[in-house]
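Open the model in your viewer and keep the selection panel at hand.

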Number of protein chains: 2
Amino acid sequence: MTRYWAEHAWLGGDRAEEGVLIEVEGERIAAVELVPSPDGAHVLRGLTLPGLANAHSHAFHRALRGRTHRGGGTFWTWREDMYAVAERLDPDSYRALARAAFGEMALAGITCVGEFHYLHHGATHYADPNAMGAAVIEAASEAGIRITLLDTCYLAGGFGTLVEGVQERFSDGDADAWAERAAALREAPHARIGAAIHSVRAVPASQLTTVAGWARERGAPLHAHLSEQRAENEACLAAHGRTPAELLDEHGALGARACMVHATHLSDADIGRLGGTAVCMCATTERDLADGIGPARALADAGAPLCTGSDSHAVIDPFEEARAIELDERLRTERRGHFPAAELLRAATNHAAIGWPEAGRIESGAFADLVTVSLDSARLAGAAPETLLESVLFAASPADVREVLVGGRRVVAGGRHAALDVPAELRAAIGAVLPGGAAPAGVEPAATGGVLRR
Amino acid sequence: MTRYWAEHAWLGGDRAEEGVLIEVEGERIAAVELVPSPDGAHVLRGLTLPGLANAHSHAFHRALRGRTHRGGGTFWTWREDMYAVAERLDPDSYRALARAAFGEMALAGITCVGEFHYLHHGATHYADPNAMGAAVIEAASEAGIRITLLDTCYLAGGFGTLVEGVQERFSDGDADAWAERAAALREAPHARIGAAIHSVRAVPASQLTTVAGWARERGAPLHAHLSEQRAENEACLAAHGRTPAELLDEHGALGARACMVHATHLSDADIGRLGGTAVCMCATTERDLADGIGPARALADAGAPLCTGSDSHAVIDPFEEARAIELDERLRTERRGHFPAAELLRAATNHAAIGWPEAGRIESGAFADLVTVSLDSARLAGAAPETLLESVLFAASPADVREVLVGGRRVVAGGRHAALDVPAELRAAIGAVLPGGAAPAGVEPAATGGVLRR
């Protein structure tokens, strides 16, 4: 039994509590009690939150940070840069890069990641066809965080188009082969398995039911990229006479265990259809990739539980991710106050959307996943107890994260990762993948052909 | 003579240079030379930039950070919270709060601030009618940064409406009285004086020429809030049959020394009219206050030099401020790549807009104002020399700022302010103004009456 006393802690209400004793037994919280003084307990100075969940990650995109801003372009030209990195990865380099990215997440207060994993194969299949997935699971273990490997079905370059180039490394051929391979993935205490449909572009309609059924049989999460770009909607309407949300719904891919990622360009009917399905907003990536501003408030009002993801890791900043949902809604509507801070914190700690319903809350029986944000920096100095949630949500940065516990184990202490030199790991892992330095040059970009070739 | 050797430095081109010797003589840069090794010079590890300019600040708004997000509301209800803080300030508390806010700016790499200063008087005028302005100038000196006090003319509560409540503390009665008082302000080595028209709401059209003329005679900068809110445009059109930009232009308030702040809601004709006038984007405040997204690219194309400001200090993060110009333009247009990183850095270092043309560049003869951003954090680890400007611009945070020189004097060393305990100053200064803690409660909000009562 370890006793922690949090100066301030968020127990799920609309403001933080002062003086909270949190007793930890093994990997779980045994008791939570309001107590005015630490009385010998280990003091957590600042605001303690439940561990933050990063519900949508492509770990290897971390190598691209800062490298895709030269010139103009769109989501689709950015994707060429991303493919150039994907092309170079093998299980060892993938594991090293993912470990470093997950280490950066731990430093930012993220205790659980939903890794949307589609880089399955080498030029041919590896001897263990799950070598890449296993590498990512191992990377999370080494970084000290939980993971849901959202093993992603990716079969087509677009509606009616075969995969080509590096996309061949994403494909299992058909959904049955995907299902068979994914069924061989092994869970671990820190790792759970979920499914993903990359998108309606990348999984033919005839194969959607197989993936959705695989997840349903296992009670596993089922994720999908949804309507991030208008071009996807147009192509889907042209191919099927249905929006992506309609198409997924018809094939059983929405509902309580499902999570739709982005959901940027939706019709009113789509929004209604997503009630009861989680929606993952990835605001810093959506800004970076010029996706547009999704209808976050309308989705929440329709009954979609929100969660957040750092996705392409343009930055890994769960505070910016959460506040951006509110701030971008303000830009769109020219009104303030769409989301109370507590609602945004619920999104940032939503573990249910990635299949860990027993995490993300500070309460007896929950996993002892805790994040303490220091209030000592110039960013947060002067914050008041009454509005501490707002101060942290709207002004904190990852640099303010001081202590991180995952399953009772200290992963970050005093702002430093307990096991990894994260910056050194990032330098080495990115240098190994992009030895030339700046851009992912030297790899001929595939001829562009727009959305249908994805 | 002090010799610094920057591992990487931005000398104004479209990429950073490697190995730059910067010789400093007194407060100026004496020489800049590419040199492969430090050879005994003091090493600046990371990327060295010219000092960053914060072209639009209301220092006392720092007290409101995190405290204005409860409930919904608009810019106009937020203003009531802001007024409640203004009401409580006197020269001593204003100086302490401004010193703390300027200290936070120094830690973020800001070496020069344009303080848009309108809180001139007490319930009656102080014995020295410039006591408040002098307090702010002194605060900048104590925090170690340069300041342009943009002494602001504020005479009316709206079009055809008198000032009332705390607004009376902003008013000198008429523009002649404003001009007389402002003329008595004293410059100092670290401090210059400029003028500001609060807005077309707050300065009657008949008085605009006096303020513009005052600035013209002195060759001083002239700033104004412009079209931050649609309601201002509507009221101006109703009162004058002209947009705010037209009205200011007709009264000689645009042009080479002028800087328009926000410029969010503009007609195409307004945009054209602003060519040759600086425009200050305050993106983090514009997000916070739900202003909307201004036409930054169109303004720059029309010939408006851009600059940036942290304005209400929802955060003080000049990197987020600069990248937000690009990222919010991406959200608006659904395209990437509107501003090269170097163009955004020119905006973030634009000192000319606040009357310090000899700062903001690393070159012989310029002020020795330098900011070194460490590349050692997880945010920036793995950045490549070829795209260092992009990495820093799109991913750095104030926590990455390690060294700051102002006029050759070290103001920040190893990430710490050389003279002030900034977080402690912030806590004390904000606690003195908002003793009750959270919201600026206890002050009866003035009855709301919309834009015309401002």
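Start by selecting B:Ile197. Leaving out residues up to four places away in sequence, B:Ile197 touches B:Phe116, B:Thr152, B:Cys153, B:Val203, B:Leu208, B:Val211, B:Leu222, B:His223, B:Ala224, B:His225, B:Leu248 and B:Ala253. Contact here means heavy atoms within 4.5 Å.

Before moving on, note the ground rules. This is a predicted model, in which local features need pLDDT of at least 70 and side-chain atom pairs count only at pLDDT 80 or more, while totals for chains, interfaces and linings use all residues. Residues are numbered from 1 along each chain as its sequence is written, chains are lettered from A and ligands numbered from 1 in the order in which they are written, and side-chain values use heavy atoms, without hydrogens or water.

**The cores**

Buried means under 20% relative accessible area, with exposed over 50% and partly exposed in between (1.4 Å probe, protein chains only).

Helices (H or I, at least four residues) and strands (E, at least two) are DSSP runs, numbered from the N terminus. The core draws at least three residues from each of domain 1 (2-50 + 360-417) and domain 2 (52-354) of chain B. Domain bounds come from an automatic or database domain assignment.

**Strands in chain B**

Select strand β13 (residues 278-281) of chain B. B:Ala278 and B:Cys280 point one way, B:Val279 and B:Met281 the other, and all are buried. In a regular strand the side chains alternate between the two faces of the sheet. Strand β12 (residues 258-262) pairs with β13(B) in the parallel sense over three bridges; two strands pair if DSSP finds at least two bridges between them. Find B:Met260: its bridge partner is B:Val279.

Next, show the open sheet of eight strands in chain B, in the order β3-β2-β1-β4-β15-β16-β17-β18, with mixed pairing. Its edge strands are β3 (28-34) and β18 (416-417). Strand β2 (residues 17-25) and β3(B) pair in the antiparallel sense over six bridges. B:Arg28 in β3(B) is the bridge partner of B:Glu25.

**Between the chains**

Show both chains. 65 residues of chain B are in contact with 65 residues of chain A. The buried area is about 5200 Å², 52% of it from carbon and sulfur atoms. Buried area is the accessible area (1.4 Å probe) that two parts lose on being put together, summed over both. On chain B, select B:Arg70, B:Leu331 and B:Arg336, which lose the most area to chain A.

The count between the chains is 12 salt bridges. A salt bridge is a side-chain nitrogen of Lys or Arg within 4 Å of a carboxyl oxygen of Asp or Glu. B:Arg287 forms a salt bridge with A:Glu320, with the closest N and O atoms 3.8 Å apart.

**Last stop: the domains of chain A**

Colour domain 1 (2-50 + 360-417) and domain 2 (52-354) of chain A. Their centres, over C-alpha atoms, are 29 Å apart. Zoom in on A:Arg146 and A:Asp369, whose side chains meet in a salt bridge (2.7 Å, N to O).
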